Amino acid sequence: MTESPHPLLPAATPVLRLDPGVLQVGGVDGRAGLRVSPAGAEVAALLHGLDGRRSQRAVRSDAVAGGLPAEVVDDLLGGLRGAGLLHDLAAADLLATAPGPAAAARAAAELPAAVPDPAAAGRWRARRQSAVVVEGANRVGTPLAAVLAASGVGRVHVRDRGPTRAGDAIVGGATAADEGRPRGLAAADAVRRASPLTDLRPLPAGQPPDLVVLCRPWAAVDPLSAAWQRAGTPHLVATVREETGVVGPLVLPGDSSCLRCAEAWRRDDDPAWPRLAAQLTAADPAPSGATTTCLLTALTAAVQVLAHLDGDEAPVTVGATLELRPPAFLPRLRRWPVHPGCGCSGAARRAADRNRGHWPGE
């Protein structure tokens, strides 16, 4: 818990009256809940007033002034926390919320997921201060950028110099009216529709993004992608190849395998792969993937991006890919370990660990 928590009971949490003296908070659809008794109008007012805008001290003081004993307030807040119903926001989270009632309403819907427990206080602020670059304004990249912006990422820049084609239109992304416009502009409009105050500008020269998402189908073999490895910038593949959504690998330069490691494993499996890969990247690919495939891929990638930005445990796609194939879309996890023939920093680190007599993770 922070020194001055701001307790939030999400507006979507049901507060239901069982009888004149009993309230049930949550506890529907198999989720945790809490029954509060006695619970008169003062308790109901307290529950509905837990909007995260006041510190716990202010909540307690206002409730006592309204006629509730201090110990009742403390017991109620403790019970809500114990049931996992209450979220403790930090002042930094509140300061990072964009101004205006519309922005506040959007933040209220996002904050419960961004700050799931007291240990995560300040996470919303971290998202608001993050910068993500999306390479490829296509049927995955544009809706992904919109989802990241709507999820609180403060700066989202989409890079693509090509023209928008009719097949690029997708829910949450480019529209049919965007055909012929530069893809970058169409993507910026899609992001702006989802989150009007998100910073869409490119980063200043010399300022690296927190993460780059590579959304072109064969970005792993694109020579331009190697620049992110050399710069030490984390990068994630998120794309659709034919009808399969592919998310990963997430590359953490110096700490994981790189995209060249994955390509080396492909080459070991098929010596003709370099010739095939050169043809796959020779031209701008046609839009591919059904709407469900593209959107599920974008959402899965968004989960991985946010996990990285939030500082959670290592996302599952570090050194691995999630493959989403219709019709079931059950994710298939494929590992891409460091390749012994790759000269990336991840390979060098693994060699050093081996020379010390142990492997990473042991």
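Select helix α7 (residues 141–150) and helix α12 (residues 291–310); their axes come within 9 Å and cross at roughly 40°. Axes are lines fitted to C-alpha atoms over the stretch in contact, with angles from 0 to 180 degrees between N-to-C directions. Helices (H or I, at least four residues) and strands (E, at least two) are DSSP runs numbered from the N terminus.

This is a predicted model: local features need pLDDT of at least 70, side-chain atom pairs count only at pLDDT 80 or more, and totals for chains, interfaces and linings use all residues. Residues are numbered from 1 along each chain as its sequence is written, and side-chain values use heavy atoms, without hydrogens and water.

Next, show side chains. P143, L144, V147 and L148 in α7 meet L295, A298, L299, A301, A302, V305 and L306 in α12 (contact: heavy atoms within 4.5 Å). By class, this contact has eleven nonpolar, no polar and no charged residues.

Now move to the largest pocket, with a volume of about 600 Å³. Select W218, R241, R266, W273 and L280, which lie nearest its centre among 31 lining residues. Colour α10 (259–269) and α11 (273–280), two of the elements that each supply at least two residues of the lining. α10 gives the most, with six.

Note on methods: Ala, Val, Leu, Ile, Met, Phe, Trp, Tyr, Cys and Pro count as nonpolar, Asp, Glu, Lys and Arg as charged, and the others, Gly among them, as polar. On a 1 Å grid over the protein atoms alone, a cavity is a set of points where a 1.4 Å probe fits but cannot get out, and a pocket is an open set with protein on both sides within 12 Å along at least five of seven lines; lining residues have an atom within 4 Å of a point. Grid points are joined across faces, edges and corners, and a volume is the space filled by probe spheres set on the points.
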